[in-house]
Amino acid sequence: MSAEIIYGRELAEDIRERMTKEVADLRELGVVPGLAVVIVGNDPASLSYVRGKDKASKKVGLESNLIELPEEVTQQELLDLVDRLNHDSEVHGILVQLPLPDHINEDEIIEAISPSKDVDGFHPISIGRMMAGKDTFLPCTPLGILTMFKEKEISLEGKHVVVLGRSRIVGKPIGQMLLNENATVTYCHSRTKNLKEFTQKADILIVAVGKPGFISGEDIKDGAVVIDVGVNRIEDGSLTGDVDFESALEKASYITPVPRGVGPMTITMLLQNTIQAAKQLNQIPQRSS
């Protein structure tokens, strides 16, 4: 067996083509979806990432406002900025890039964002609505994974999903989202004993632990769907995932590569959430799926 590789980059390009048409239609109605991305400090990796978001936004026709703040910005100054963006009718989505400097309370900043503009899906109200299975903005990386399943018509109902990692950015939300799709979900983490006993029984294995090559082919059930969320830079400067791709390729039915896998879907879902926010704030009906 050799798995079908799910290239997130190609899927993302297809979805963004559809988005471009949708945004053009909204512009004809006088609605221009607007995204504000705020970054504090000058970390090169974070700057490169948010500038990629800015470029992708503009490419599909969104108005994108990248706000770069100095490392020494105060908590109150950042809260004041978020408040102004909350009240700006031309801004439909707000994203504050994490992590923030140590002197700023991340939770307080996230909670200051209006839930109606929380396109990152991290506000407690968004999380609560997700837990209750209600319509809300979903976190972008888990939403990208869920979209991959749907685009590839991979059945979720009744499947045993094992999630490695329990971060609030990926692990916890993707597990809940798959529960909402009627999957059976097991969470594993650094304290899980006999990990292989769980991974070898998974119909779908989602790995987000930040350890290069942590999962190999022998850890995977024959025919499993393997989603590798890890992005690790190794000694030779290249990027690799949490899954040993070559050995897993021979066991899985579907697998995502690193790079060109989950990553491109994350930004695409941010754009999708922003378009959704623009429609909701302007009382434009959502398209039926």
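1. Buried means under 20% relative accessible area, with exposed over 50% and partly exposed in between, using a 1.4 Å probe and protein chains only. At 4% relative accessibility, Cys140 therefore counts as buried. Cys188, at 1% relative accessibility, counts as buried too. The structure holds 0 disulfides, a disulfide being a pair of cysteine sulfur atoms within 2.5 Å.

2. This is a predicted model, in which local features need pLDDT of at least 70 and side-chain atom pairs count only at pLDDT 80 or more, while totals for chains, interfaces and linings use all residues. Residues are numbered from 1 along each chain as its sequence is written, and side-chain values use heavy atoms, with hydrogens and water left out.

3. Helices (H or I, at least four residues) and strands (E, at least two) are DSSP runs, numbered from the N terminus. Two strands pair if DSSP finds at least two bridges between them. An open sheet of 3 strands has the order S3-S2-S4, with parallel pairing. Strand S3 (63–69) and strand S4 (93–96) stand at its edges, each with a single partner strand, so one side of each has no neighbour in the sheet. On average, and ignoring direction, neighbouring strands of this sheet are turned by 15° against each other; axes are lines fitted to C-alpha atoms, for helices over the stretch in contact, and angles run from 0 to 180 degrees between N-to-C directions.

4. Strand S2 (residues 34–40) is joined to S3 in the parallel sense over 7 bridges. The link between S2 and S4, also parallel, has 4 bridges. Ala36 takes part on both sides: Asn65 stands opposite Ala36 in S3, and Ile94 stands opposite Ala36 in S4. Within S4, Gly93 and Leu95 point one way and Ile94 and Val96 the other way, and all are buried.

5. Helix H3 (residues 75–86) lies across S2, S3 and S4 and runs at about 175° to S2. Contact, here and below, means heavy atoms within 4.5 Å.

6. A second open sheet has 6 strands in the order S1-S11-S8-S7-S5-S6, with parallel pairing. Its edge strands are strand S1 (4–5) and strand S6 (184–188), each of which pairs on one side only. S1 and S11 pair in the parallel sense over 2 bridges, and Glu4 stands opposite Tyr254 in S11.

7. Further along this sheet, strand S8 (residues 225–228) pairs with strand S11 (residues 254–255) in the parallel sense over 2 bridges. Here Val226 has Ile255 in S11 as its bridge partner. Strand S7 (residues 204–207) runs parallel to S8 and is joined to S8 by 4 bridges; the bridge partner of Ile204 in S8 is Val225. Val225 and Ile227 point one way from S8, Val226 and Asp228 point the other way, and all are buried.

8. How many of the 10 residues of H7 are buried? The count is 7, so H7 is largely enclosed by the rest of the structure. The buried residues of H7 are Gly171, Pro173, Ile174, Gly175, Gln176, Met177 and Leu178. What covers them includes helix H5 (124–131), helix H6 (140–151), S5, S6 and S7. Helix H7 (residues 171–180) lies across strand S5 (160–164), S6 and S7, running at about 165° to S6. Asn182 follows H7 and has a positive phi, near 70°.

9. The axes of helix H2 (residues 44–59) and helix H10 (residues 263–281) come within 10 Å and cross at roughly 55°. That makes H2 oblique to H10: angles under 35 degrees count as roughly parallel, over 145 as roughly antiparallel, 65 to 115 as roughly perpendicular and the rest as oblique. The crossing of H2 and H10 is right-handed, a term used if the near helix is turned clockwise from the far one by less than a right angle, with anticlockwise giving left-handed. Tyr49, Gly52, Lys53, Ala56 and Ser57 in H2 meet Thr266, Ile267, Leu270 and Leu271 in H10.

10. Thr266 belongs to helix H10 and counts as buried at 9% relative accessibility. Which residues is Thr266 in contact with, leaving aside its neighbours within four places in sequence? They are Tyr49, Cys140 and Thr141. Thr266 and Thr184 are 82 residues apart along the chain, and their C-alpha atoms are separated by 24 Å.
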